Amino acid sequence: MAQIEQYWVDTGVTSVHLRVAGAGPPLLLLPQSPTSARTLEPQIAALSDIALCIAPDLPGLADSDPLEVTPVEIADLAAAMLALLARLGLDRAAVYGSHTGGLVATEMALQAPARVLGPIIEGYPVYTEEEAAQRLVTYFPHHGYSWDGAHLLWLWWRYREQFLHWPWNTKHPATRASCPVPDAAALHAGVTEIARRHVGYPSVYAAAFRYPALDAARRLTAPAHMVVAESDSLSRKVGLLGGLETMRSWPVPLGGDQQAVERDVLAHLWRAGAPEALTSADIRARASQRRRYILKDGVRLAIDDGRGAGSGRPLLLIPPLPARGFLLDRFAEGLRRQRPVRCLELLDLPVDADGTLPAALAGALEGLPAGAGGIDLLALGHGGLLVAPLAQAVGDRLGRIQLIEPPLPAILSGTDTPPDETPTADGTHLLRFWDRLRMEGLFHPGWHPEAGQPTGRPESLDGLGDWAMAALPALQTPQIGRFLAAARARPEGWRIGRPWEIRSRWPDAALDAAADRLRAMGEPVAGPAPLGPWPAPGAPADDPAALMPRTLRL
């Protein structure tokens, strides 16, 4: 498969996250809701040698920003995707849509028939009026945060259930799903994508049930090509289309090769008149320069967001491992008014076989203007383990270094042993994840509350819940786990070799002792210094933005 590049494009309507691969006539691939274009990677693998595959996350889902309309309708999503094509300079493209993406592709063909080749539809969501009305009422039950973490287990159960029953909330032999149940890793990936937009995804998903799909299919002026796979539960709804001439069926029997059929459909479209062939470089040239990944040899190292950047010394934020860079979005937003801010992105963290980091990690700072004072580093929690290799790789370009609540005592004493949070088929790893996050707030260190010191931290269920939803997407990323395991075996990883300081939100004799031990080893570390008083009861104490007034400022 051709290498998949990922970046954002500013369409003028919203910021859209793309996966792009291959070369050839352009093919826009639209995913189902509520997950990301990751679910279309099998199609990208099968088609990228005969098409330039462009797969966005739908606006408001995964890593694409939402539209500023309420409620969101399929027509709005289609207009946003046409704006994307225009921004990419594509006058015409083939369009493939899966489930909700199929409705968006259909509406694109109605809004701009001269610009859409196809569409190709995998699973067309068409319902009777009664079915659609029932889904709008019952499909999106509210399930708020709970102290025992049951909301995370419910989210896992909800996502897995759609592979057991369709619709997911109707239990009957006749509603057993046609598709296989994914493995634990794939289920975890889907759950984390829903968690990323856990508040807003129902507004996008519900648009599929409000859309007049049957009427839209009748109004097509050129035939759509519908891939009807028996393994897709939506294939049961094909009868509602009544054999429309505007919907040509391409059947895929159980056990059949769906990607081979989709390849045949695309080849059929190309024979009828393919758009001009393009390469990934043609699309990359139109990517956002305001919000972008910092890449080194194709590896995402950081997220740079130029919105509202001030003119002070640049700052690299390092999230607490394991977590993605967007976890610190709100934190970074307040700081950007003062200075350029970049967030380390850890999903592709380059880690050698022995758990060490290559010098390529220094590429995360490329393009940041160091100026007279250098580039400041601010790391939270276990993210502090990345500071030493960064300092070694970057050298004199570094400015001030600050670590927020580093787990020094636990690592130096060999007690930094978190619970096993490897995804499990029943989702119970999410309960261990939730309990760890909560204990980290109540005790220090939080791995072993029976041995930790109470922090006196006020608890906020909303704050803890939001933090968990944001931290979930990077949980047990294999390379991060490998790095953490190696770092725990090398306490000298805290030896940065240049002045740095520790900040903590509570008095901690163990942290004081750990800092003294490092100073005795010749490490020029200052602190621990307090961050200041706790937020008022009820404030989002787990929101990283609460740290901002007491951390690096210029």
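**Exercise 1.** Which residues do ring pairs link into a cluster with Tyr 205 and Phe 209?

*Solution.* The model is predicted. Ring pairs join Tyr 127, Tyr 139, Phe 140, Trp 154, Trp 157, Trp 166 and Trp 168 with Tyr 205 and Phe 209 in a cluster.

**Exercise 2.** Classify the ring pair of Tyr 205 and Phe 209, then decide whether each residue is buried or exposed.

*Solution.* Step 1: start with the geometry. An aromatic pair is described by the distance of the ring centres and the angle of the planes. The count of aromatic pairs in the model comes to 13.
Step 1: turn to accessibility. Buried means under 20% relative accessible area. Tyr 205 has 9%, so Tyr 205 is buried. Phe 209 has 5%, so Phe 209 is buried too.

**Exercise 3.** Describe how helix 2 (residues 74–87) meets helix 3 (residues 100–111).

*Solution.* Step 1: their axes come within 8 Å and cross at roughly 70°. Angles of 65 to 115 degrees count as roughly perpendicular, so helix 2 is roughly perpendicular to helix 3.
Step 1: list the contact. Helix 2 contributes residues including Leu 77, Met 81 and Leu 85; helix 3 contributes, among them, Leu 103, Val 104 and Met 108.
Step 2: sort the contact residues. Eleven are nonpolar, two polar and one charged.

Notes: Residues numbered from 1 in each chain as written. Predicted model: local features only at pLDDT ≥ 70, side-chain atom pairs only at ≥ 80, totals over all residues. Heavy atoms only, no water. Phe/Tyr/Trp six-rings, centres within 6.5 Å; stacked < 30°, edge-to-face > 60°. Buried < 20%, exposed > 50% of the residue type's maximum accessible area, 1.4 Å probe, protein only. Axes fitted to C-alpha atoms, helices over the stretch in contact; angles between N-to-C directions. Helix = DSSP H or I, 4+ residues; strand = E, 2+ residues; numbered from the N terminus. Parallel < 35°, antiparallel > 145°, perpendicular 65-115°, else oblique. Contact = heavy atoms within 4.5 Å. Nonpolar A, V, L, I, M, F, W, Y, C, P; charged D, E, K, R; others polar.
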